[in-house]
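Student: I'd like to go through the side-chain contacts in this one. Can we take them one by one?

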Amino acid sequence: NTDNLPSWETIVSPSFAVSAPQSNVTFDIPVPVQHVVAGKVTRNGVNPAATYCNSTSYGELLEFTHLTDTRFNTSVYASCNTTGAAWAFSVSLYPGTYSVTARRNTNNTDNLPSWTTDVSPSFVVSAPQSNVTFNIPVPPQTVVSGTVTRNGVNPAATYCNSTSYGELLDFTHLTDTRFNTSVYASCNTTGAAWTFTVSLYPGTYKVTARRNTNNTDNLPGWETVVVERLTVP
């Protein structure tokens, strides 16, 4: 049905005694007043940027977790757009204090991070609110590029399943798993360099190399730690 009754189960009478016929019995369902909270999502203080929105109605997902009553938990999407305009949201919330997290919609192509961000650990709702901003801080990335070698020289291949997918490099952040990423070095059969380019967040990484078994080359089948500690400023 489409009605204004709550989604949760309510005990309307903890001890209802029946010993004779009864009429005009009323079971009342108490529901707190909801407050409309509206605002926008930003990335480092400015509107997110997108080159593609799978739907303008489904941008960043905001999840509101009530700290004392899980019945009131809810979620809402901020809008998505490619014009540079605000990513707006509006949601009706029951009174109380919420933890608010933001999660990227992977169906869009935008500059928001892939991880879940705690945008407000203690968001209090006691009245309607407008112009609320939930900011997603994202550290600047540094471009790291170079080559993969075998015993100091370029790897040799007789077959590349794809020139874009040679040796796989895994960058494991030593203190923050949100920043882990992977990139392929190029593959070629000409003896030229196997190059890679990757954008990394600040910190220290362990870098391992893994062979792409779809290629025919002289790289080993095992995983190799090529850099124990790569520091990115």
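Student: Is Arg178 buried, exposed or partly exposed?

Tutor: First, a caveat: this is a predicted model, where local features need pLDDT of at least 70 and side-chain atom pairs count only at pLDDT 80 or more, while totals for chains, interfaces and linings use all residues. Residues are numbered from 1 along each chain as its sequence is written, and side-chain values use heavy atoms, with hydrogens and water left out. Now the scale: buried is under 20% relative accessible area, exposed is over 50%, and partly exposed is in between (1.4 Å probe, protein chains only). Arg178 comes in at 34% relative accessibility, so the label is partly exposed.

Student: Which residue does Arg178 meet in a salt bridge?

Tutor: A salt bridge here needs a side-chain nitrogen of Lys or Arg within 4 Å of a carboxyl oxygen of Asp or Glu. For Arg178 the N to O distance is 2.9 Å, and the partner is Asp176.

Student: How many salt bridges are there in the whole structure?

Tutor: Asp170, Arg210 and Glu223 are linked in a network of them. A search of the whole structure gives a count of 7.

Student: How many degrees lie between the planes of Tyr165 and Tyr184?

Tutor: Rings of Phe, Tyr and Trp (its six-membered ring) pair if their centres lie within 6.5 Å; planes under 30 degrees apart are stacked, over 60 edge-to-face, and the rest tilted. Tyr165 and Tyr184 are 4.8 Å centre to centre and edge-to-face, with an angle of 85 degrees.

Student: Why does that pair tie together separate parts of the sequence?

Tutor: Tyr165 lies in the loop between strand 11 (157-159) and strand 12 (168-173), whereas Tyr184 belongs to strand 13 (residues 181-184). The pair therefore joins parts whose separation in sequence is 19 residues.

Definitions and conventions
Helices (H or I, at least four residues) and strands (E, at least two) are DSSP runs, numbered from the N terminus.
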